[in-house]
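Here are some notes to read beside the model. Keep the structure open and find each residue as you go.

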Amino acid sequence: MDAAAPAAPEPDAAQGPFPLSRALLEAVLEDRTSDRFVCRLIWERLGYRPAAEGRWQAGPDTPPAWAEAFPEAPELIAERPASVRLTRSIPPEHKQLLKQQLGFAGYRIGGLYPRRTRRATAVNWLLAHLAERGESMPEEGPLPPLLDPPSDPVAGHPGDLPVG
């Protein structure tokens, strides 16, 4: 991680989706962001919009299949059905982008936890989202305040929901 990368506030739907960069996606893979932040990166791109009490609701730009299955934005890291849907929504031609673009070889056996594999799925989905739109990914960009990797990778960061 480049310590000189500009910091950025939490995403604000009024400003548009939080910008993606190689540095940001690597931070997600390194477990340096909360699970909620990872979800928000995807929710924004699926057309979910903030609603009352920190909840996000399907919006007019949310794909119908997502809006029907999840009228309220799903916790993509904590909830297995949402994670499975996310995995299945990655087009076959983009399934290897994590390896091809970020050189990600996976987690070591001792570090293989559902939270982390779901983060890898989230990053691959974000890469596929960029590829489907023909958008490039800059090396650097704004970053949220980065967290230390959690001492217990199963539990995650304070405030992360338990993985089901």
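Which residue's side chain meets that of arginine 116 in a salt bridge? The points below start there.

1. The partner is aspartate 31, with 3.6 Å from N to O. Keep in mind that this is a predicted model. The pair links distant parts of the chain. Arginine 116 sits in helix H6, while aspartate 31 is in the loop between H1 and helix H2. They are 85 residues apart.

2. Are these two residues buried or exposed? Arginine 116 has 15% relative accessibility, so it counts as buried. Aspartate 31 is buried too, because its relative accessible area is 1%, and the cut-off for buried is under 20%.

3. Now look at another salt bridge. Glutamate 139 pairs with arginine 22, and their closest N and O atoms are 3.1 Å apart. Glutamate 139 lies in the segment after helix H6, and arginine 22 lies in helix H1, so the pair ties together parts that are 117 residues apart in sequence. Glutamate 139 counts as partly exposed, because its relative accessibility is 48%.

4. Next, take two residues side by side in the numbering. Glutamate 44 forms a salt bridge with arginine 45. Their closest N and O atoms are 3.7 Å apart. Glutamate 44 is buried, with a relative accessible area of 5%. Arginine 45 is buried as well, at 15%.

5. Some salt bridges share partners. Which residues do they join into one network? The members are Asp31, Asp35, Arg115, Arg116, Arg119 and Asp160. Arg116 and Asp31 are the pair from the opening question. In the whole model, the count of salt bridges comes to 11.

6. Step back to the overall plan. The protein chain has 6 helices and 2 strands. Along the sequence, the pattern reads α-α-β-β-α-α-α-α. Of the 164 residues in the chain, 46% are buried.

7. How many of its 11 residues are buried? The number is 10, so H2 is mostly covered. The buried residues include Phe37, Val38, Leu41, Ile42 and Trp43. Charged residues such as Asp35, Arg40, Glu44 and Arg45 are buried there too. What covers them? The cover for the buried residues of H2 includes H1, strand E1, strand E2, H4 and H6. After H2 comes glycine 47, with a positive phi near 85°.

8. Leaving out residues up to four places away in sequence, leucine 126 touches Leu20, Leu25, Leu41, Ile42 and Arg45. Among these, Leu41, Ile42 and Arg45 are buried residues of H2. The C-alpha atoms of leucine 126 and leucine 41 are separated by 8.1 Å, although the two are 85 residues apart along the chain.

9. Where is glutamate 75 found? It is in the loop between helix H3 and helix H4. Glutamate 75 counts as buried, at 15% relative accessibility. Again leaving out residues up to four places away in sequence, it touches Arg36, Cys39, Trp43, Ala82 and Leu161. Two of these, Cys39 and Trp43, are listed among the buried residues of H2.

10. Last, find the largest pocket. Its volume is about 220 Å³. Of the 13 residues that line it, the closest to its centre are Lys95, Leu98, Ala120, Thr121 and Asn124. H4, helix H5 and H6 each supply at least two lining residues. Which element gives the largest share? That is H6, with 5 residues. By class, the lining has 4 nonpolar, 6 polar and 3 charged residues.

Methods
Residues numbered from 1 in each chain as written. Predicted model: local features only at pLDDT ≥ 70, side-chain atom pairs only at ≥ 80, totals over all residues. Heavy atoms only, no water. Salt bridge = Lys/Arg side-chain N within 4 Å of Asp/Glu carboxyl O. Helix = DSSP H or I, 4+ residues; strand = E, 2+ residues; numbered from the N terminus. Buried < 20%, exposed > 50% of the residue type's maximum accessible area, 1.4 Å probe, protein only. Contact = heavy atoms within 4.5 Å. 1 Å grid on protein atoms, 1.4 Å probe; cavity = no way out; pocket = protein on both sides within 12 Å on 5 of 7 lines; lining within 4 Å. Points joined across faces, edges and corners; volume = space filled by probe spheres on them.
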